[in-house]
Amino acid sequence: MKLTSKGRYAVMALVDLARFNNINPVSLRDISLRQGISLDYLEQIFSKLKKNQLVQSIRGTHGGYILSKKPYEIKLTNIFHAVDEKVKTVQCKKESKKGCNGKAIKCVTHNLWDELENHINTFFEKKSLEDLLKN
């Protein structure tokens, strides 16, 4: 199981945004410099975050981005969903009768990995941006 850089960077960028959100809109350039994330990559990520109503863009000389919700309302699962990040520990589809190995039955450790996936997703559902700001 591996989160892509897109998912990790989306979380990093939103935590950064949440830190400075109360002062003024935050520019992607500032986030890019503080977090070491490519500006082009941030633009792609924030396009998806905006489309999924997690952030709003503010135009003008002092423009940038603000959160659309309070940090405690934004769960990590919301962020991952917005950037098309999926936490999967098995290759097969849960509703499929076929197993991960392409055979008619599921592999002997399938239930273990499926249970792990459920724990991971539950963890991300409980964690919010506010939790990350406190640390």
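Predicted model: local features only at pLDDT ≥ 70, side-chain atom pairs only at ≥ 80, totals over all residues.
We may begin with the interior. In soluble globular proteins, nonpolar side chains tend to be buried together. Here, the largest nonpolar core is made up of 30 residues. Within this core, the residues with the most contacts are Leu14, Leu17, Phe46, Leu49 and Ile79. Six elements each supply at least two residues: the helices α1 (5-20), α2 (28-35), α3 (39-51), α4 (76-82) and α5 (110-126), together with the strand β2 (64-67). The largest share of the core, seven residues, is provided by α1. Leaving aside residues up to four places away in sequence, Ile79 touches Ala10, Val11, Leu14, Leu49, Leu54, Ile74 and Leu129. Two of these partners, Leu14 and Leu49, are also listed among the core residues with the most contacts.

Asp16 counts as buried because its relative accessibility is 1%, where buried means under 20%. What does the side chain of Asp16 make a polar contact with? The partner is the side chain of Arg34, at 2.6 Å. Beyond four places in sequence, the residues touched by Asp16 are Val26, Ile31, Arg34 and Gln35.

Attention now turns to the pockets. Rolling a probe the size of a water molecule over the atoms shows where empty space is left. The largest pocket has a volume of about 210 Å³. Its lining consists of Leu28, Arg29, Leu39, Glu43, Lys50, Ser57, Ile58, Arg59, Gly60, Gly63, Gly64 and Tyr65. At least two lining residues come from each of α2, α3, β1 (55-58) and β2, and α3 gives the largest share, three residues. By class, the lining of the largest pocket divides into four nonpolar, four polar and four charged residues.

The second largest pocket holds about 180 Å³ of space. Thr77, Phe80, His81, Glu85, Lys86, Val87, Lys88, Glu117, Asn121 and Glu125 form its lining. Helices α4 and α5 are the elements that give two or more residues to this lining.

How values were computed:
Residues numbered from 1 in each chain as written. Heavy atoms only, no water. Core = buried A, V, L, I, M, F, W, Y, C linked by side-chain atoms within 4.5 Å. Buried < 20%, exposed > 50% of the residue type's maximum accessible area, 1.4 Å probe, protein only. Helix = DSSP H or I, 4+ residues; strand = E, 2+ residues; numbered from the N terminus. Contact = heavy atoms within 4.5 Å. Polar contact = N/O pair within 3.5 Å; in protein donor to acceptor, adjacent residues only side chain to side chain. 1 Å grid on protein atoms, 1.4 Å probe; cavity = no way out; pocket = protein on both sides within 12 Å on 5 of 7 lines; lining within 4 Å. Points joined across faces, edges and corners; volume = space filled by probe spheres on them. Nonpolar A, V, L, I, M, F, W, Y, C, P; charged D, E, K, R; others polar.
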